[in-house]
Amino acid sequence: MKTSVVGVIIFSNSALFFCYISHFIHNSYPFIQGIILSILIGSAAAGPLYGAFPVAAVFVKKGVKFSNILIFIGAWSTVKIPMFLFEMTALGAKFAVTRLLVDIPGIIIIAYILSNMISKQDVEKIYENVRNIS
């Protein structure tokens with residue numbers, strides 16, 4: 001019981017943090033800044049991948065660029081700081097750094113391929129559907 005209460009408190013504080021940070025990833029900021037912040041926020045977040053979707057919904061409501069949302073979800077699922085530290089100790093620094101250096105450009109490339117494959121009308125529908133969710 002205590003663990004679930006602590007989890008709710010941590011998740012609530014994380015959600016507030018993500019709301020605060022989300023304006024930095026907004027469309028009006030430079031290209032590179034959005035990518036870097038998306039990767040940092042995604043890799044610093046704790047929890048399973050399904051925890052990324054409510055945060056991504058907040059980013060959509062704040063007007064974050066679609067490709068940055070995809071980068072955030074990719075970073076959340078692939079580039080975790082605790083996982084990197086574990087890989088450093090268990091598999092060696094060479095492996096961990098190599099995987100990190102391959103994953104980050106891969107996430108960015110895949111996000112931009114996906115965002116270019118999806119029509120602007122479909123992206124607008126996604127944003128509208130998320131805004132309609134209470």
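1. Contact here means heavy atoms within 4.5 Å. By that criterion, and not counting residues up to four places away in sequence, Ile69 touches Ala56, Phe59, Val60, Val64 and Tyr127. The model is a predicted one, and the points below should be read with that in mind.

2. Confidence. The mean pLDDT of the chain is 82, with 77% of its residues at 70 or more. Residues 1–12 have pLDDT below 50, and beyond near neighbours in sequence this stretch has one contact in the model. Where pLDDT is low, the predicted coordinates should not be read in detail.

3. Overall make-up. The chain contains seven helices and zero strands. Of its 134 residues, 33% are buried. Taking contacts between residues at least 6 apart in sequence, 76% join residues at least 24 apart.

4. Helix α3. This helix covers residues 52–61, and Ala52, Val55, Ala56, Phe59 and Val60 are buried in it. Viewed down the axis of α3, these buried residues fall within an arc of 150°, so they line one face of the helix. An α-helix has 3.6 residues a turn, so residues three or four places apart point the same way. After α3 comes Gly63, with a positive phi near 85°.

5. The cores. The largest nonpolar core has 16 residues, and Phe59, Ile69, Phe72, Trp76 and Tyr127 are those with the most contacts inside it. At least two residues of this core come from each of α3, α4 (66–78) and α7 (120–132). Apart from it lies another core, of seven residues, including Ile39, Ile71, Val79 and Ile107.

6. Aromatic pairs. A search of the whole structure finds three of them. In one, Phe66 and Tyr127 have ring centres 6.5 Å apart and planes at 55°, so the pair is tilted. Phe66 is in helix α4 and Tyr127 in helix α7, 61 residues apart, and the pair thus links distant parts of the chain. The cut-off for burial is under 20% relative accessible area. Phe66, at 15% relative accessibility, therefore counts as buried, and Tyr127 counts as buried at 10%.

7. Phe72 and Trp76 form an edge-to-face pair, 5.5 Å centre to centre with 80° between the planes. Both lie in helix α4, four residues apart, which is about one turn of the helix. Phe72 is buried, with 0% relative accessibility, and Trp76 is buried as well, with a relative accessible area of 4%. Ring pairs link Phe59, Phe72 and Trp76 into a cluster.

8. A buried arginine. Where in the chain is Arg99 placed? Arg99 lies in helix α6, which spans residues 93–117. Its relative accessible area is 19%, and Arg99 therefore counts as buried, the cut-off being under 20%. Leaving aside neighbours within four places in sequence, Arg99 is in contact with Thr78, Met83 and Glu87.

Definitions and conventions:
Residues numbered from 1 in each chain as written. Predicted model: local features only at pLDDT ≥ 70, side-chain atom pairs only at ≥ 80, totals over all residues. Heavy atoms only, no water. Buried < 20%, exposed > 50% of the residue type's maximum accessible area, 1.4 Å probe, protein only. Arc of directions from axis to C-beta. Core = buried A, V, L, I, M, F, W, Y, C linked by side-chain atoms within 4.5 Å. Phe/Tyr/Trp six-rings, centres within 6.5 Å; stacked < 30°, edge-to-face > 60°. pLDDT = per-residue confidence, 0-100.
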